[in-house]
Amino acid sequence: MSGSMLILVAMAGIFLLLFLVMKTKLHAFVALLLVSLLVGIAAGMPLGGVIESVQNGMGGTLGFVAVVVGLGAMFGRMLEVSGGAERLAQTMIKKFGEDKAQWALGITGFIVAIPVFFDVGFIILVPIVYGLAKKTGKSLLYYGIPLLAGLAVTHSFIPPTPGPIAVADLIGADLGWVILFGILAGIPSMIIAGPLFGKFIAKRIHVTIPEYMNIEEKEYDRELPSFGMIASIIFIPLVLILINTVSGVVLDEGNGLRAVFTFMGHPFVALTLATLLAFYFLGTKRGYSRQEVQDIATKSLEPAGIIILVTGAGGVFKQVLIDSGVGQVLGDMMASSSLPPILLAFLIATFVRVAQGSATVAMVTAAGLIAPLIEIMGLEGPVLGLIVISIAAGATIFSHVNDSGFWLVNRYFGLDVKDTLKSWTVMESLIAIVGFLVVFIIGFFIS
């Protein structure tokens, strides 16, 4: 089949995927699998070869993603039920003082979203926003936007959250570089989209607690875990993964210390250690029975399962594109483009995100499409970490009415659609643009 026909097959596949997710409301997992099968057949692959690609794509992706996302979900759920998120918020507000509570909430959101899913972190911490707004008479957005920005930045940019984990696996990026660049891009994104934009928008949109959100301000009379313990458990896996990446650059191959760091800093080992510490210090030691800890861990896998399967289906899409030859043609076309790979990755993710709303679908689709280009150009090392953050930024931009996060914020803050667009949508877009600009600039120095 000619190259131009293969390009047409790929484009038809992408538009069919968008149609199935947006119009027919077919679940992203089923839509990605169906489109992968149809693209393989349309590209002229043998029928047995299509099935083999599906199996290899799913197996190759889930071998890594299922372990990391599963462990991360258990770890996050223990932090949630133990009151660890509230402890972080309480301590940060006390340290910063109520007059700088915006910054405290931004940083709290940034830390909490490392192990806890975005929507869960928001729902746990929104009563603190309500309490501060009631006390000071300021708009909910004054405190809410910084919290949302902190949560959203980490959720998009910093592993072990599922989005960057999925993209890193699909394009073969080292998680240490992803964490490092995620933090470098995330901090200015959180500052600009959080406290700075929060202060600006709160003067223009005054929002009080909606009547239907009859959530009482939490009383912290139960004994919460210590701030030091929570911070330590959250940062242990990140530090181990970063040490692994640094040792790979600094120490020679065959060095015994490097072998130890490589083992301890592998996401499987680092997250298993963090999860076991969370089970013991946040569970057993705080009076939960072994059965209760097991039940908490099991419950945590329900939302994780959906993300794991969608990511696996993204791996299938990537594999079919590569095995059918579509990927080679797409990669050649992108390689001949004058656009840098980091910009190209951002634009693809942006297009899919704006069209269908799901950040996860935007990330796995963009990663699947950009993977052949990475292979053709022989890209490796730190630049792949930059591409991961670029895709994550594109998949964050312009959250609007087709995104569940838009409606979550709309309901909890009692906003109308216009004010949600002016506040939440602008905040998400600022995170995306600042994050992308940071990695794009870094790209000039390391690519």
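1. Start with Thr396. Beyond its neighbours within four places in sequence, Thr396 is in contact with Ser156, Arg353, Glu428, Ile431 and Ala432. Bear in mind that this is a predicted model.

2. Thr396 sits in the loop that links α17 (382-394) and α18 (404-412). Its relative accessibility is 3%, so Thr396 counts as buried; the cut-off for that class is under 20%.

3. Next, Asn410, in helix α18. Asn410 has a relative accessible area of 12% and is therefore buried. A polar atom of the Asn410 side chain lies 3.0 Å from the backbone oxygen of Leu415.

4. Which residues does Asn410 contact, leaving aside neighbours within four places in sequence? They are Tyr212, Leu415, Asp416, Val417 and Thr420. Take Thr420: Asn410 and Thr420 are ten residues apart in sequence, and their C-alpha atoms are 5.9 Å apart in space.

5. Now the surface. Leu34, Leu37, Leu38, Ile41, Leu47 and Ile51 form a nonpolar patch there. Together these residues have about 530 Å² of accessible area.

6. Which helix gives the most to the nonpolar patch? It is α2, with four residues. Both α2 (28-42) and α3 (47-82) supply at least two residues each. Ile51, one of the patch residues, lies in α3.

Key:
Residues numbered from 1 in each chain as written. Predicted model: local features only at pLDDT ≥ 70, side-chain atom pairs only at ≥ 80, totals over all residues. Heavy atoms only, no water. Buried < 20%, exposed > 50% of the residue type's maximum accessible area, 1.4 Å probe, protein only. Contact = heavy atoms within 4.5 Å. Patch = residues over 30% accessible without salt bridge, like charges linked within 9 Å, V, L, I, M, F, W, Y side chains within 5 Å. Areas by Shrake-Rupley, 256 points an atom, 1.4 Å probe, with all protein chains shown as cover. Salt bridge = Lys/Arg side-chain N within 4 Å of Asp/Glu carboxyl O. Polar contact = N/O pair within 3.5 Å; in protein donor to acceptor, adjacent residues only side chain to side chain.
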